[in-house]
Number of protein chains: 2
Amino acid sequence: MNFKVNRIILLNSLSKVSKAVSYKTPLPALTGIKFDLYPTFLQLTASEQNIAIQVKIEADNNLEIIDTGSVVLSAKYILEIIRKLDSDIVEFEIIDGFLTRISGGNSEFNLNGTDPMDYPQIDLIPKGMPFIMDSIELKELINDTRFAASEKENRPILTGINLIAKDNELVAIGTNSYRLSKKSVKIDSDITFDITIPAKSLDDISKIIENQDNVNIYVSERSVIFIFENNIILTRLIDGSFPDVSSLIPTQFAHELTIDSSLISNSISRVSLLTNEQNNVIKLDMNNDRVILSSFMQEIGSVEDTITECFYKGEPLSITFDNKYISDAIKVLDKGKIKLCFPGEMRPFILKMAEDDSLIELILPVRTHSY
Amino acid sequence: MNFKVNRIILLNSLSKVSKAVSYKTPLPALTGIKFDLYPTFLQLTASEQNIAIQVKIEADNNLEIIDTGSVVLSAKYILEIIRKLDSDIVEFEIIDGFLTRISGGNSEFNLNGTDPMDYPQIDLIPKGMPFIMDSIELKELINDTRFAASEKENRPILTGINLIAKDNELVAIGTNSYRLSKKSVKIDSDITFDITIPAKSLDDISKIIENQDNVNIYVSERSVIFIFENNIILTRLIDGSFPDVSSLIPTQFAHELTIDSSLISNSISRVSLLTNEQNNVIKLDMNNDRVILSSFMQEIGSVEDTITECFYKGEPLSITFDNKYISDAIKVLDKGKIKLCFPGEMRPFILKMAEDDSLIELILPVRTHSY
């Protein structure tokens, strides 16, 4: 294997595949990135339990192929070496076994590679017909739902994002069973599926999406393949069926608060000063005259934040909830007017944009002692 | 106690005193900041084992004093509250015992304060005559030596910076006994002292210095007081005598390398890629033709970085040393040409600016197996 490549292009490609590198794997080969140099392109592959990422660099002005071949190089070292080399072009050459010389400028690294035959075979060849999504729309879909997934492994299905396609619509749902985020987008395909993808895999995909482009998505029984630009990403699905949470989302509301998102968000951040991990509850008191956010910490003190610039409809209502859940929800809604809609005391409530129902945030209230 | 104050000015003052707040103290009062409101100024005090910091805000357009008094407020909460309040002016008022109302904009915090009588008495009144230093020169003196002090408590004296004044010169030395940094500055005073100040206290002083100003320094037997702008800082001294390390600094050199600091610094950062905490040694090979920096990690690989743009005088020399010590040393030297001066193999060597001896960096080589 011997090639010369533009350093910045290689660095960018290595950064992408490195997201699939597992540093805590029993299989040492997986701590590396596999370099496969074909007659017309260089292919970089990394993979772990849930995801495999492959990036291609085509032979052109930026890649000169001298001699084909393959090697696996430590992801940790190769990425830093390419980052720090002081030259526009770097050269790779296998000089002995899998010992690989990487040179650029006045620097020369000899890195012990490993045998590509020890690297697991990964089938990245898509089957069937893809459905196509806009990459930026996919990135938004991920970012709007991913944060709401569970961090805990006790119900593995909730660590994923549920994606349901039917009737030319794709609905994504993330939930930890105390809060939920649901995003709907129109799709140009009559495909039907109901799958759950690990949230972590979707994070990686979202980070790799840089430009507007079409993403070809191939859904099969146990995995999904995403193909866009020079990237191929395979992610496994989470087994089991996602709970039917859509029916939990209320549609009738006795109380509605319309407010500017940054106004309530700043107010929440102030009253959150008197919360901590054990005591993370804030209270919202609403009537036609004014809205008060408050919190209270034994020993420390209390805070009240009054909001007058808002519109409230309904009987007076007091409701308490997790301060992090509400600020996460507001963060993913667009700037501008938002609506908080409450069916009643101690009932799950929703947040959404005033004029758009495509993104729904659901939060369960917390029962507290009155104070 | 009742006053109104400009929020930004209070925030800036609280940030300064908060550096002396100890969150791990057996004395709960010390986790707070003491507010003393006198008829003409507000005084904020914080202190821990090694240092006490006091900042004054004078009554003027930015401070309206309504009713004098004192209270101790939790540093952690008060700083964040003042940071997040949405108003230019904030009001403090003791409303019951030590319960303090802090209000601004539409927000109102009630914070449980504690009794100022429980706060330790600290004598911040300077005795004798000060010597005067320029604040920016003091900040540089600290930053040029502080990093070289020891992190380990086994020889407490080495966790401090030794300051020796005599013959109108102030010499500061930090060392962990493997490397040393020595900075000399002229002073307009014939004062004589030999003291060791905790490096951590000097860090705090350096961070509090914002503007060029005169610093009045009062050295006494067990402590030093620094007074500048509205700040009074007292730091205790470390007991014991600092080792006489100046005599270890070589003055005769058989080998000299003159090189651009950023050139060698970049080269070091590249060869340091193949080092880690256990194996942090890099090698410098010099002869009249070229200079090579290299390192080597069993299992991983090796690197050689060649530097041609430099000037070497002397017989060929190979020397190995800690990569972090040399990069720290280069960081504090000014940009531009620097000199590395070697008495010989396995002997301590120095780094300095090509045309200026006021800052000397000393490094002990490391004995290694040849490779």
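Q: Hi! What helices and strands does chain A have, in numbers?
A: Hello! This is a predicted model, and its chain A has 6 helices and 26 strands.

Q: What size of box do the C-alpha atoms of chain A fill?
A: Along the principal axes, that box is roughly 80 × 50 × 35 Å.

Q: And how many of the residues are buried?
A: Chain A has 371 residues, and 39% of them count as buried.

Q: What about contacts between residues 24 or more positions apart?
A: If you take the contacts in chain A with a separation of 6 or more, 67% are between residues 24 or more positions apart.

Q: Which domains does chain A have?
A: The domain assignment gives domain 1 at residues 2-118, domain 2 at 131-244 and domain 3 at 249-363.

Q: How many Å lie between the centres of domain 1 and domain 3?
A: For chain A, the C-alpha centres of those two domains are 49 Å apart.

Q: Okay, helices next. How do H1 and H2 of chain A cross?
A: Helix H1 covers residues 7-18 and helix H2 covers residues 75-84; their axes come within 9 Å and cross at roughly 150°. An angle over 145 degrees counts as roughly antiparallel, so H1(A) and H2(A) are roughly antiparallel to each other.

Q: Is that crossing left-handed or right-handed?
A: H1(A) passes H2(A) in a left-handed crossing.

Q: Which residues meet there?
A: From H1(A) you have A:Arg7, A:Leu10, A:Leu11, A:Leu14, A:Ser15 and A:Ser18. On the H2(A) side, they meet A:Ala75, A:Ile78, A:Leu79, A:Ile82 and A:Arg83. Sorted by class, the contact of H1(A) with H2(A) has 7 nonpolar, 2 polar and 2 charged residues.

Q: Now H3 and H4 of chain A: what is their crossing angle?
A: It's roughly 140°, and the axes of helix H3 (residues 135-145) and helix H4 (residues 199-208) come within 9 Å. That angle makes H3(A) oblique to H4(A).

Q: What's the handedness of the H3(A) and H4(A) crossing, and which residues make the contact?
A: The crossing of H3(A) and H4(A) is left-handed. A:Lys139, A:Ile142 and A:Asn143 of H3(A) make the contact with A:Leu202, A:Ile205 and A:Ser206 of H4(A). By class, you find 3 nonpolar, 2 polar and 1 charged residues in the contact of H3(A) with H4(A).

Q: Let's zoom in on A:Phe228. Where is it found?
A: A:Phe228 is in strand E16 of chain A, which covers residues 223-228.

Q: Why does A:Phe228 count as buried?
A: A:Phe228 has 21 C-beta neighbours inside 10 Å, and a residue is buried if that count is 20 or more.

Q: What does A:Phe228 touch?
A: Leaving out residues up to four places away in sequence, A:Phe228 touches A:Ser135, A:Asp213, A:Asn214, A:Val215 and A:Asn216. As for A:Ser206, that residue is 22 residues from A:Phe228 along the chain, and their C-alpha atoms are separated by 12 Å.

Q: What about the phi of A:Glu229?
A: A:Glu229 has a positive phi of about 45°, although it is not a glycine. Most residues other than glycine have a negative phi.

Q: Where is A:Glu229, and is it buried or partly exposed?
A: A:Glu229 sits in the loop between E16 and strand E17 (231-236) of chain A. A:Glu229 counts as partly exposed because it has 16 C-beta neighbours inside 10 Å.

Q: And what is the phi of B:Glu229?
A: B:Glu229 has a positive phi of about 45° and is not a glycine. You'll find B:Glu229 in the loop between strand E16 (223-228) and strand E17 (231-236) of chain B.

Q: Speaking of chain B, how many residues does each chain give to the contact?
A: The contact takes 26 residues from chain A and 26 residues from chain B.

Q: Which elements of chain A give two or more residues to that side?
A: They are H2, strand E9 (107-112), helix H5 (261-271) and strand E21 (301-307) of chain A. E21(A) gives the most, with 7 residues. By class, the side of chain A that touches chain B has 8 nonpolar, 10 polar and 8 charged residues.

Q: One more: which residues does A:Cys310 touch?
A: A:Cys310 lies in strand E22 (residues 310-313) of chain A. Not counting residues up to four places away in sequence, A:Cys310 touches A:Leu257, A:Thr258, A:Ile259 and A:Val291.

Note on methods:
Residues are numbered from 1 along each chain as its sequence is written. Chains are lettered from A and ligands numbered from 1 in the order in which they are written. This is a predicted model: local features need pLDDT of at least 70, side-chain atom pairs count only at pLDDT 80 or more; totals for chains, interfaces and linings use all residues. Helices (H or I, at least four residues) and strands (E, at least two) are DSSP runs, numbered from the N terminus. A residue is buried if 20 or more other C-beta atoms lie within 10 Å of its own, exposed if 12 or fewer, and partly exposed in between; C-beta atoms are placed from the backbone. Two residues are in contact if their C-beta atoms, placed from the backbone, lie within 7 Å. Domain bounds come from an automatic or database domain assignment. Axes are lines fitted to C-alpha atoms, for helices over the stretch in contact, and angles run from 0 to 180 degrees between N-to-C directions. Angles under 35 degrees count as roughly parallel, over 145 as roughly antiparallel, 65 to 115 as roughly perpendicular and the rest as oblique. A crossing is left-handed if the near helix is turned anticlockwise from the far one by less than a right angle, and right-handed if clockwise. Ala, Val, Leu, Ile, Met, Phe, Trp, Tyr, Cys and Pro count as nonpolar, Asp, Glu, Lys and Arg as charged, and the others, Gly among them, as polar.
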